[in-house]
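Q: Please take a close look at the sheet in this model. How are its strands arranged, and what can be said about the strands one by one?

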Amino acid sequence: MSVIFDIGVVALRILLPVYAIVIVYQCYAAMRRRRRPEKPLVTLFDINTGRKLPVLFWENTLGRSKSSDIVVDDPAVSRSHCVLLRRKEGWYVNDVGSKSGTFVNGKRTRGRTQLLIDDTVRIGDTEFQFRRGEEYTDKIRTNRFFSKVSQKPAMKSWKLMLLITLFHLFMCIEAVFWNDGSNPNSPMVLFFALAAVEWGFFAISYFGLKRVNFELESLAMFLTGIGVILLIRQVERSAYVQLIAAVVGMVIFCIIIKFIEDPDKSARFRIPAMIFAVGLLLMSIVFGKVTYGAANWIYIGSISIQPSELVKVIYIFIGASALDKLQTNKNLLEFMIFSAVCVGLLALMGDFGTALIFFVTFLLIAFMRSGDFKTIIFAVAAAIFGVTFILNFKSYIADRFKAWRHVWQYAQTDAYQQAHVLIYIASGGLFGVGIGNGFLKQIGASESDLVFGLVAEEMGVIIAFTLAVAVGALVIYARAITTRSRSTFYSISACCAAGLLVVQLALNIFGATDILPLTGVTFPFISSGGSSVISCWGLIAFIKAADERTYAVKR
C-alpha cells in the first residue's frame, strides 16, 4: 500500500507543473475572448480632403505627433492638440493647451465641450465633421493580444474555477504525505476553508455583481491559494491569517472597482487620499517596530500591519487621478512632491525595497502621462544621488551590495540566504521534493522574501517559473486593454499597477537568486504577509477596472 501511495505522490509532482501551465494559459486565453471587434465607434470626416478617420477608443488624442491616436498632418496643429473622449453622457472634446485652440461649430472650446452627431470640429486649419461609426475599408491597426477576437469564451468561468480548486486539492493531498508525518489532516481542513472562500467570491461576483468575466480574479485566486497552502507545513496559523487577509483583499478589490466607476468623481478624493497615505507612512515612523532593519510594521495586539503595502494602492490612485491636470498643463510638480515625500519617508523607515518600487512606479506614471524624458532623467539623477548618500550612512545596506554577485564568497555571512536559495532550487529540480519536504523553510524569511526558492524547491522549477510568468504577463494584458478602456485614468492606473507588481516580482526573484541585491520585497500573492496580499488584490482592481467588460451588465 505504501508503494502505491509513493507512486501517487510522485505522479502528483509530475502532474502539477503541467496542470499549472494549463491553468495560467486558460486564464489569459479567456481574457482575450468575448470582446467587441476592432471597429470605429464614431468617424471623423475631413471636410477638406474627404478622408474618413476611424475613432476606435474611448479616449483618443489628436495631434501632429506620430504617437497620437489620430494623427493630423497639419502644421497649424500642435503635437498634442486635443482629446476626443467618450463618457456615459456622450462624446466630448477637450483642448490640451494647444496654441491655436479647438473649435466646435465655430466657437472656441473652454474645458470639456460636448459633441453631437454632425457637429464640426476645427483644429488648426483642419475641419472635421463628427459622424456615426462608418464602414472603414483600410486596415485598422489592432493590438496583437486581441488579434483574434471571438465572442465565444475560451473556457466557462465555473470550469476554470473548478480547475483551480482541483489544483489546490492536489497540493493539499501532496502536503498530507510530507516527511514529518504529524497532523496529517490539517492540509485538508485548510483546503475546505480555501475552497469555500474561492467559490463564495465567485458566486458573489458572478451572480451578485453580475460580472461578465472572471479570468483575472481566477488567476489571482490561483496564486493566492498556492501561497496559503505552502504555509500549512510551515506555520499553520499563518496559513489561516493569509486566507483571512485574502478575503479582506477581495472585499477591497470590489470596493475599489465600485469607487473608481466614475473617474471624474473619484478624482475629487485625490488630495484626501494623499494626506491619508502620508499619514500612514508617518505612523510607521512613529509607531513602527524595526524588523530586519526596517521600521515598517505596526503591531496592534497580535495583529501586524505594514502600512507601506496599503499605500501602494493609494499611490496608483493618486498618480492616475491627477490626469486632467497633467494632461492640460503637463505639470508633474504636485505628483513629484508627493512621490518624493513617500520615497523619503520609506527611506527613513529603512524600507528601501518598497522605496525602489515606488520610485519605478513614479517613472512609469510620469513618462506615460508626459512623455518627457527630461523629467525621467532628473528623477533618475536624484535617485542615484540618494542611493549614494544612503550607502554611506546605512552600513547594512552597503553590506548587501558587498555580497551581491559574490554569493559563495559570503555564503556563511551576508549572502547566507541567497546561497541556500540557490542550493535548494537545485535540489528541487524540475518537479520539487514535495510540499513540506523542503529545507529552505528552516531559513529566515523563506515564506516571504525567499518564497521563489521555496516554491522551486518544494514544487519544482517549472511551477516556480510558471507563477513568475503568470504575474509578469499582467503587463502585456494591461497594455493590451488600455486601448479599449473607458478613460485614460484606467489606462494609466492599469499599466502602472501591473508595472508595480512586475517590478516587485523581479526584485523578489532576482534578489533571492543574487541577480540583484536582496531588497526584502514580496512575491505578489504568493509570499506570506497579510498586508502584501491585500495590496495585491487592491492593485489588480485597477487592471480589472480598465477592462471595458468590467462595467458591462451580464444579461
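A: In this predicted model, six strands form an open sheet in the order β2-β1-β11-β10-β7-β8, and their pairing is antiparallel. The edges are taken by β2 (52-55) and β8 (107-108); each has a single partner strand, so one side of each lacks a neighbour in the sheet. In general, the strands of a sheet pair through backbone hydrogen bonds, in a parallel or an antiparallel way.

Start with strand β1, residues 42-46. Five of its five residues are buried, so β1 is largely enclosed by the rest of the structure. Buried here means under 20% relative accessible area. Side chains in a regular strand alternate between the two faces of the sheet. In β1, Val42, Leu44 and Asp46 point one way, while Thr43 and Phe45 point the other way.

On one side, β1 pairs with β2 over four bridges, in the antiparallel sense. Within this pairing, valine 42 is opposite valine 55 of β2. The two strands form a hairpin with five residues between them, and glycine 50 has a positive phi near 80° there.

β1 also pairs with β11, through five bridges and again antiparallel. Here phenylalanine 45 has glutamine 129 of β11 as its bridge partner.

Next comes the pairing of β11 (residues 126-132) with β10 (residues 120-123), which is antiparallel and has four bridges.

Technical notes. Residues numbered from 1 in each chain as written. Predicted model: local features only at pLDDT ≥ 70, side-chain atom pairs only at ≥ 80, totals over all residues. Heavy atoms only, no water. Pairing = 2+ DSSP bridges. Buried < 20%, exposed > 50% of the residue type's maximum accessible area, 1.4 Å probe, protein only.
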